[in-house]
Amino acid sequence: MSVLATPRYDEVRRAYRLWRRSPLTMVGTVLIGVLLLVALLAPVVAPSDPYEQDFSVRLQPPSRAHLFGTDQFGRDLFSRVVYGSRIALQIILIVSVISGVVGTVVGLSAGYFGGRTDEVLMRVTDMFLAFPSLVLAMAFAAALGPSLPNMILAISLVTWTPYARLARGETLRAKTMDFVEAARSMGASDVRIIGRHILPMTVSVLIVQLTLRMGTIILTAAGLGFLGLGAQPPTPEWGAMVSDGRSYLMDQWWMPTLPGSAIALAVLGFNLMGDGIRDILDPRLRR
Amino acid sequence: MNLATYVARRLTLMVLVVFGVLVITFIVSHVVPADPVTAILGGNAPQEKVDALRRELGFDKPLHLQFVAYIWGAVRGDLGRSLRTGRPVWDDIQQYFPATVELTFSAITLAILLGVPMGVISAVRRNEPADHGARVFSIVGVSMPVFWTGLILMLFLYHRLGWLPGPGRIDFAVLPPPSRTGLLLLDSLIARNWDALGSAVAHLIMPAFVLGYVATATIARTTRSSMLDVLGQDYIRTARAKGLRERLVIVRHALRNALIPTVTVIGLVFGGLLEGSVLTETIFAWPGLGRYITTGYLTLDYPAVMGGTLYIAVVFSVVNLIVDLTYAVLDPRIRL
Amino acid sequence: MRRGHVVALPLVALLLVTLVLLPAPPLAGSPQDPSTLVVGQNTSILITLDPAVVFEVEGVVIVDQLYDKLVDLDMVDGKIKVVPEVAESWTLAPDGRTWTFKIRRGMKFPSGRAVDAEAVVYSLRRMLRLNRPSIYAFNELGLNKDNAESVVKMVDPYTVQIVVGQPFAPDLVLAILSFVATAVLDPGVVEQHIREGELGADWLKDHSAGSGPYTLIRWERNEVVDMVANPGYWRGIPPVKRIVIRDIPEASAQRIALERGDIDVAWGLSPQMRQEIRNARTPGLAIVKVPGHGIDYMGMNVKYPPLAKEQVREAIRYAIDYTAIREGIMRGEAIPLQTFIPVGYLGHNPVQPFKQDLNKARQLLSEGGYPNGFEVELAVTAPHPTRVDIAQVVQNDLAKLGIKVKIVGAAAATVLQKYREQGLQLVIYGWGVDYPDPDALAKPFADGTIKQLAYRNGWMDPRATELTKKAMLERDPRQRVAMYKELTELVAHKGPFVIFHQITNNWVIRTYVRGFEQAAALGTFHFDFTKISKVRQ
């Protein structure tokens with residue numbers, strides 16, 4: 001139905017050509033590819049168990065045996081960073097699904113039913129938007145008690161608003177279209193109209209929007225982890241690892257900096273790829 | 001809609017937002033299974049003392065009564081007493097907020113000073129090395145976690161090279177000037193304490209840069225794309241055709257119009273700055289409101305958390321309002 | 001054009017301001033004045049400097065400089081002893097309850113008023129009437145806000161009588177009286193600043209009214225605490241004439257400031273930072289370590305079925321690698337201790353029955369009925385410089401027995417609330433001693449009828465309760481020591497605790513600071529700045 005849902009062959013070719021022409025987008029794609037591969041093959045890539053303590057090799061600098069050095073328990077930091085990629089991807093996936101679903105439901109209902117429903121839902125959305133989301137996520141994470149699942153829930157609770165706005169806009173647009181009008185005049189139920197006609201139109205736009213925001217999700221998660229409101233030790237979550245190694249900065253620089261570089265590279269990958277996707281999809285921005 | 005109606009509407013929304021924030025923080029603070037009295041008294045206190053203090057502070061009352069009491073207090077400017085510092089939260093905020101103001105304003109100043117020229121140069125020299133450089137700088141800027149940038153800079157510029165001072169607002173060897181405004185730069189100027197001023201400025205550079213990096217990137221990007229838009233307009237071509245010098249065309253004609261979206265973006269990034277300040281203040285041991293709130297969350301000092309969050313909500317809303325009004329004044333054509 | 005200026009003007013102004021500000025003048029260093037001691041410390045925890053209210057360790061140390069207490073503490077041959085201060089001598093009547101204190105003559109407040117029985121009685125009654133949580137130990141002696149008038153009395157201008165509720169062990173009573181709450185205040189000064197119902201607590205928060213070696217000039221919150229020597233101090237003016245405590249919340253900043261010589265003493269470095277300093281052997285720095293008044297332990301709630309078995313608890317004690325914790329996490333700074341009375345205290349029991357022995361632990365676990373282990377939650381306060389790390393070692397060690405530990409980190413307020421309600425399974429926590437007497441440890445660790453540590457872990461043992469109560473009233477010190485020996489061993493094997501170690505108090509100082517070890521001998525219970533001097537480099 002939508003252009004994106006059934007792309008024609010030359011569309012794909014055009015996209016591919018654009019992708020080839022933009023070195024930054026390629027770098028992004030490669031970074032994400034590496035991230036996915038590392039997460040998938042973590043047990044193969046990681047030289048040792050990320051939880052295994054060995055006090056005889058505490059606080060070792062990076063070496064051939066320990067690429068990223070070791071921490072205060074003698075754990076291999078490289079293995080921990082490798083396993084951390086799984087956690088990062090897990091966070092992205094779950095947060096995207098939850099906030100995408102919540103945002104879509106809110107936006108669709110607001111747009112489709114209009115009137116008072118719209119007013120109330122949009123004011124709630126405004127309320128969430130009118131507030132620094134990290135601070136709000138901190139509040140939820142602290143209230144739920146710091147842990148990985150609670151952090152995921154907290155981030156989801158503050159990131160659904162842009163999707164709600166987007167879904168509402170798309171719904172309003174779809175509502176005016178002929179085939180929706182036609183379906184309604186033929187007596188189709190609300191659920192049927194939404195499910196069969198409106199939802200498919202909004203989903204593709206939402207998915208693009210979700211991919212664009214994946215970098216932000218990692219950053220928020222890492223921020224919460226860094227503040228101690230996210231995953232708890234000994235979980236090898238990147239932000240928590242930076243926080244854990246922070247007091248060692250002066251003498252064991254590798255402890256906070258190397259896990260931090262994993263965050264930076266992953267986010268960079270998502271952002272470069274996101275930029276590329278935006279350029280490909282939105283010819284207006286292409287210059 | 002005229003300006004007055006618009007402002008009235010926005011103020012109503014603001015009150016709603018603030019009330020919503022109050023409700024959320026209150027619920028959030030009170031579902032936490034943390035006993036504020038225990039937080040005050042510590043682990044050693046005998047049970048009788050705990051019970052007595054709980055009654056004294058009204059924590060034994062039903063939740064809705066506590067909420068009403070809190071709202072009533074907040075309206076009168078009484079935000080309760082911090083469990084950790086034992087002082088009125090309002091006093092704490094007054095003490096911590098100026099440090100955050102100083103930091104965020106330095107950051108935004110730095111971001112504007114770096115971002116606008118960068119965006120302009122990028123646009124004018126499109127697809128040349130300067131443009132690519134600026135774009136890489138931008139994309140890296142929005143990708144790096146604030147706390148990580150902070151740690152890396154601290155590691156090199158402070159620990160290794162010693163070029164810039166480390167955490168805190170002022171050197172420990174320098175006695176701070178008497179506090180009049182709470183803004184260290186201003187206080188040093190008033191006291192004509194040049195040592196303190198120099199030390200305070202030096203201490204500001206790194207955190208302001210770290211905090212302002214994302215904002216710089218965003219501002220540069222926006223300026224670039226709106227500059228490109230404007231440079232393609234007819235009147236610029238006309239100006240050029242008239243034989244005006246290129247520099248004049250860009251500064252007089254193009255930049256003026258291109259800056260309108262930039263102003264909006266500056267308003268938008270301000271929210272990001274408040275967020276970033278939470279992390280930056282933690283890294284640089286900056287005694288600001290962000291750190292106050294973070295410590296509040298970690299110790300579950302909820303009067304502090306509620307008061308601090310409420311304050312940020314109000315500041316954030318007011319800033320957004322000012323930005324929107326500025327935008328309206330700058331460009332009367334926009335629909336209010 | 002005009003609208004363009006709206007944007008351009010502030011930009012230009014900002015640019016100008018920045019240009020003016022950026023060329024920073026060289027940073028001024030402070031001249032190292034040999035009569036001033038500069039201390040770097042995280043002072044954000046300071047709440048009040050009123051002796052009747054203060055409870056935080058950092059505050060107690062400062063108050064100790066500003067006031068003289070009824071009695072004082074000293075370290076004699078590695079043992080804590082109560083010694084005279086404002087009270088020159090004392091006697092206990094045969095009833096075991098009536099204490100008579102002779103007040104030292106010739107002591108004066110800075111106002112010129114004499115430190116006499118009237119001032120002592122005034123201060124003690126004020127403390128009891130204020131009835132803040134910090135004085136709960138006095139309540140347990142039977143001194144409280146309702147009987148303040150009758151139990152604390154002036155006999156003559158230089159004699160004070162205190163009547164306690166029961167014939168307690170004399171050492172116990174004196175240990176409690178050595179707390180800063182018995183500091184003597186100048187009644188004239190306090191009366192000038194009193195407001196309705198608060199007995200001057202508001203003014204005394206950041207002012208001093210004592211006869212101690214130092215007086216407070218100013219306390220700017222989160223900036224500086226500034227004290228100068230009291231010229232009329234009865235022991236003579238101390239060598240250090242001024243103490244400046246700079247607020248440096250970050251440990252790493254303290255370290256840098258110390259290395260640069262901006263401060264003379266770093267009060268709050270982390271264990272691992274001190275290790276770095278030890279390793280680097282930085283010239284000009286020295287580390288002072290004294291036994292601290294606290295124990296790190298793990299509570300094992302016997303209400304959780306697997307932990308109800310004595311063998312299981314014993315198995316856990318044999319599973320833990322105490323050396324790894326002491327050396328790896330505590331960086332060799334902790335003192336080995338496996339019974340609940342710390343080194344330096346009356347009744348300290350030096351036995352150390354436990355060390356990691358996995359075979360023995362597995363056997364005990366089978367005997368307890370859990371040969372394949374079990375799942376358990378371990379609560380710990382986070383963030384914390386060492387306990388979260390200890391939790392991870394415990395998790396690792398217990399995994400070797402098949403016990404799957406899930407670490408749950410939370411703010412202290414959350415952990416404590418559940419702990420108080422007996423709602424935790426395993427918990428790593430510390431116990432800071434309130435007064436230097438074994439009773440301060442026996443009550444929480446052994447007596448399950450008091451709502452304290454033993455109770456919070458659901459443990460009650462009639463013999464342990466009986467011994468705690470008997471020892472509290474035993475007037476013969478040798479008998480007391482014997483009772484505590486039995487009690488500590490009983491709790492070590494049957495009780496609900498794994499005792500990891502005794503903590504130490506550590507400072508890093510510049511080597512030109514002399515006498516710090518003597519000044520700090522009693523740790524945070526009594527810090528004596530008058531013993532410190534600085535030599536010119």
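This passage describes confidence, chain contacts and selected local features of a predicted model.

Confidence was examined for chain A. Its mean pLDDT is 86. Of the residues in chain A, 95% reach 70 or more. Among the elements of this chain, helix H4 (residues 77–113) has the highest mean pLDDT, at 94. The lowest mean, 76, belongs to helix H1 (residues 9–21) of chain A. Over residues 1–5 of chain A, the pLDDT is below 50. Beyond near neighbours in sequence, that stretch has eight contacts in the model. Where pLDDT is low, the predicted coordinates should not be read in detail.

Chains A and B touch each other. The contact involves 37 residues of chain A and 41 residues of chain B. On the chain B side, the elements that give two or more residues are helices H1 (3–31), H6, H7 (146–160), H11 (246–283), H12 (289–299) and H13 (302–330). H1(B) gives the most, with nine residues. By class, the side of chain B that touches chain A has 30 nonpolar residues, ten polar residues and one charged residue.

The crossing is right-handed. From H13(A), the residues in contact are A:Ala264, A:Val267, A:Leu268, A:Asn271, A:Leu272 and A:Asp275. They meet B:Ile139, B:Val140, B:Val142 and B:Ser143 of H6(B). Seven residues of this helix contact are nonpolar, two are polar and one is charged.

B:Asn127 is not a glycine, yet its phi is positive, at about 65°.

Chain C provides examples of strand pairing. Strands of a sheet pair through backbone hydrogen bonds, either parallel or antiparallel. Strand S10 (residues 242–247) of chain C pairs with strand S1 (residues 36–41) of chain C in the parallel sense, over six bridges. Here C:Arg242 of S10(C) stands opposite C:Thr36. S10(C) also pairs with strand S9 (residues 224–229) of chain C, in the antiparallel sense and over five bridges. In that pairing, C:Val244 of S10(C) stands opposite C:Asp226.

Elsewhere in chain C, four strands form an open sheet with the order S4-S5-S7-S6. The pairing is antiparallel. Strands S4 (87–92) and S6 (152–156) of chain C are the edge strands, each pairing on one side only. From one strand to the next, the twist averages 25°. S6(C) pairs with strand S7 (residues 159–163) of chain C over four bridges, in the antiparallel sense. C:Val160 in S7(C) is the bridge partner of C:Met154. Helix H3 (residues 117–130) of chain C packs on the sheet. H3(C) touches strand S5 (98–103), S6 and S7 of chain C. The direction of H3(C) makes about 175° with that of S6(C).

Chain C also holds a cis peptide bond, which joins C:Ala382 and C:Pro383. Its omega is about -5°. C:Pro383 is found in the loop between strand S14 (375–381) and helix H15 (387–399) of chain C.

Conventions: Residues are numbered from 1 along each chain as its sequence is written. Chains are lettered from A and ligands numbered from 1 in the order in which they are written. This is a predicted model: local features need pLDDT of at least 70, side-chain atom pairs count only at pLDDT 80 or more; totals for chains, interfaces and linings use all residues. A crossing is left-handed if the near helix is turned anticlockwise from the far one by less than a right angle, and right-handed if clockwise. Two residues are in contact if their C-beta atoms, placed from the backbone, lie within 7 Å. Ala, Val, Leu, Ile, Met, Phe, Trp, Tyr, Cys and Pro count as nonpolar, Asp, Glu, Lys and Arg as charged, and the others, Gly among them, as polar. pLDDT is the predictor's confidence in each residue, from 0 to 100. Two strands pair if DSSP finds at least two bridges between them. Axes are lines fitted to C-alpha atoms, for helices over the stretch in contact, and angles run from 0 to 180 degrees between N-to-C directions.
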